Amino acid sequence: MLRHATVKTRRTAAVLDFLAPTAFGYRLGSSKVQPQPSVTKPSTRHDTEKLAKFPVSVRTQSPAILCQSIKQRISLLSQPGVAAVSDPDINFFDEKVVELRLALRAGDIARVGELWSQLDDRKLLRLLGRELRGFSERAARLCPRDTTEAWDADEKSVIEGIAVAAACEGAVNALTTCMITHIKRGDSQAALGLYRRFLAHTSNQTASEPLPSTLREDVEDANGLALNILGEQLSHQPSFSLVLAAIAAHALEDSFEAALRIMLENPVRINQSTQKEFMASFDDVSFRAKVQSYVRRLDIARLISRHHSLSTHITNLAGNQDLSQIENLYRAIIDGLYGSEPYLAAHDSQKSSQRPVVVQEINWAAFLTGFLRCHRRDLAEKLWNDMLKYGIQPGVITWTALLDGFDSMGEADAASASWDNMISQGIRPGILTYRAVISTLFNARRPDDAIEKFGKFKQELASGSLPDAEDALPVYNTVLHGLLNNGRPGDADALLQNLRQKGPKPDIVSYNTFLRHHGRKGEFRAVSVLLERLREDGLTGDAFTFSSVLSALLKVGRTDATNLVLSLMKKQNVEPNVAVFSAIIDQQLREPSEQGLRTAMELLRKMETNPDAQPNDVTYTGVLASLHRRVWPDTDLAEECKRYVLKRMKERNIRPNRVTYHILIKACLENPEPEGLRGALGYYREMANRKVSMNYDTWYILLHGLISREEWAVADEMVEDLLRYIKPVGALESLVGRIQRRTAWRMKLGPKAYV
């Protein structure tokens, strides 16, 4: 119990979804994959692939093929207002594109402007498609590098026109370069004018497919690691580089308020490699530092304004026990509230144009839970004190987060004391508050106390004193899980029957809880009864359901278990597609058993022979990561499976990209055995040999994993490699500093460090 969690308050608030099980954790009894009956839909992927091939046809020597490809592209665009294009226009387009490319290469800006206008007059610019990326890059090279010389107005107009048009289709290189050129010349208004011009153009456009991006492989890690990367964006949204250029322009004007407004209007995620490349454009060290300071604070404001993003980020950090990042983030928020240049507000009453983002109670709750999950009650206590010091009275959201934190620590006594103090201060518990305390008591093997709290919950629910009564089912599901785990299956079954008769109606999570319990014990008769009840209640199983049934069949020795489960899926009109297959395979690989491994590989082979469920790079990467992550009882079988997966990937021409390597390296480093380290270093060397670029995330995953394993000697060598290529910043800089400080300490101690 926190020492100061006894301050009286009358403030109450609604419980938000953040306090429910997180999206990156595995929900109780559910795979979270909800397979739906197969529905035939028009394929957009095939059309996209056709469009992506269009630039090749521009270079063809066959006019017939060229005309056919262009007509096909026009039909595939299917944009309102795109009129039919005649053959003469197609021939004209062909000629002018070739001339335009040559003029750009020659640096003939006047001719470029003339050709561009001709294409624009005939409404043919949209046909350029992916070719715009190349045009944008070439146009960027035409921006003057000497900032002391005047920029010819006509040439500037041509380059800026191409830059804006290309940026509207997702190719932002030229527009970013134009804005940088104006900033370096001290003309912030010209840079911001270009940015506003771009926004005006995109706001008048119908949203279209974005051009294929070189950053598309940089997606959030499947294992929930929060990485500083740029997700996919629609073509009508500014990319990070454009937002960064606008921020730099406002930094030139000393207008943090305007920069903050831009970030909140376009809350793009920070991409460290893009930021590094952008900053390298400026020689003025003080200006670079100023822009970086802006970006750090703006990113804090972005996170605070997006409550779910912040909660997920902290949950991921806590899951990796990355306390230093949580602390740094918390200190940055406190500085934003009460530092020398505040830009965040603690209360709605403080909100203004200078402080437009309010740190809500849900934000404090996220940090509270994060600190407790890292087993740092002292930091949780400091946060509680900070809230009181700044006049923020903890409400039901904060108390619920406190109870959730104690649940993760297994501290039932502290949770009970907190509950009593909360009630004594007049805070009325919400549905999720009850769920948190009941879960804590069940997990601490105190089922009688948990059932007593559950009784009070039902009384309040019946009296109508609990808000959002329609959301009460998670509490019942928690009780079902707790009763089964505490050896009271009869009580659990009775509660399930009561729910079926009187409500709230059980959902698939309710049934999956029972299926998991009986499936692990091989009690297939009970599983069969549950499946019949599930059918009677009109529910459809998900991947977790079928994986639990599969486990039960394997426990009772059914060699045809896989075929039986596939048959069951068809009876429930669930199409065994890639997503469902992959989720079931993942569930089978969660427990390192030989049986589960063999079953997972059997399912993988069935996918490979199923034309409607062909495994993709995600499937193979997931299997490979599971094989690396766990310590398998039959190491020879596990190695054989790894070789098989790698062989199949090679045969299918699935080559690991940077994100694939991130997932595999992280999985290897989570394996505590020596082969885990060997596997991670093997993939690291493979990245280097294949010349796969390593970004900030690559180094962060490597160093964080090595520190967690206390492989300090290897971490030292890795830091040496890192410093040859990049200058670490942010969280990566903290990891490097931690390794370097330990190395210095060991060197100072000498031989004593090894005693």
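Trainee: What does the side chain of Asn 695 reach?
Mentor: The backbone nitrogen of Asp 697, at 3.1 Å. That's a polar contact, meaning a pair of N or O atoms within 3.5 Å, one able to donate a hydrogen and the other to accept it. Keep in mind that this is a predicted model, where local features need pLDDT of at least 70, side-chain atom pairs count only at pLDDT 80 or more, and totals for chains, interfaces and linings use all residues. Residues are numbered from 1 along each chain as its sequence is written, and side-chain values use heavy atoms, with hydrogens and water left out.

Trainee: Where does Asn 695 lie?
Mentor: In the loop between α33 and α34. Helices here are DSSP runs of H or I with at least four residues, and strands are E runs of at least two, numbered from the N terminus.

Trainee: Is Asn 695 buried or exposed?
Mentor: Asn 695 counts as buried because its relative accessibility is 8%. Buried is under 20% relative accessible area, exposed is over 50%, and partly exposed is in between, using a 1.4 Å probe and protein chains only.

Trainee: And which helix has Asp 697?
Mentor: Asp 697 lies in α34, residues 696-709. Asp 697 is buried too, with a relative accessible area of 5%.

Trainee: OK, zooming out. How many helices and strands does the chain have?
Mentor: There are 36 helices and two strands. The chain has 755 residues, and 51% of them count as buried.

Trainee: Let's pick a helix. How many residues of α26 are buried?
Mentor: Eleven of its 13, so that helix is mostly covered. Among the buried ones are Phe 544, Phe 546, Val 549, Leu 550 and Leu 553.

Trainee: What do they pack against?
Mentor: Five helices: α24 (508-520), α25 (524-536), α27 (561-571), α28 (578-588) and α29 (594-608). A contact means heavy atoms within 4.5 Å.

Trainee: What's at the ends of α26?
Mentor: Asp 542 caps the N-terminal end, with a side-chain oxygen 3.1 Å from the backbone nitrogen of Phe 544. After the helix comes Gly 557, whose phi is positive, near 80°.

Trainee: At what angle do α26 and α29 pack?
Mentor: About 120°, with their axes 11 Å apart. Axes are lines fitted to C-alpha atoms over the stretch in contact, and angles run from 0 to 180 degrees between N-to-C directions. The two helices are therefore oblique to each other. Under 35 degrees counts as roughly parallel, over 145 as roughly antiparallel, 65 to 115 as roughly perpendicular, and the rest as oblique.

Trainee: Which residues make that contact?
Mentor: Leu 550, Leu 554 and Lys 555 from α26, with Gln 595, Thr 599 and Leu 603 from α29.

Trainee: Back to α33. How do α33 and α35 lie relative to each other?
Mentor: Roughly parallel, because their axes cross at roughly 10°. The axes of α33 (residues 674-689) and α35 (residues 712-725) come within 13 Å. On the α33 side you'll find Leu 677, Leu 681 and Tyr 684, which meet Val 714, Met 718 and Asp 721 in α35.

Trainee: Last one: what covers the buried residues of α11?
Mentor: The cover includes α9 (188-203), α10 (240-252) and α13 (285-305). The buried residues of α11 (residues 256-265) include Phe 256, Leu 260 and Met 263.
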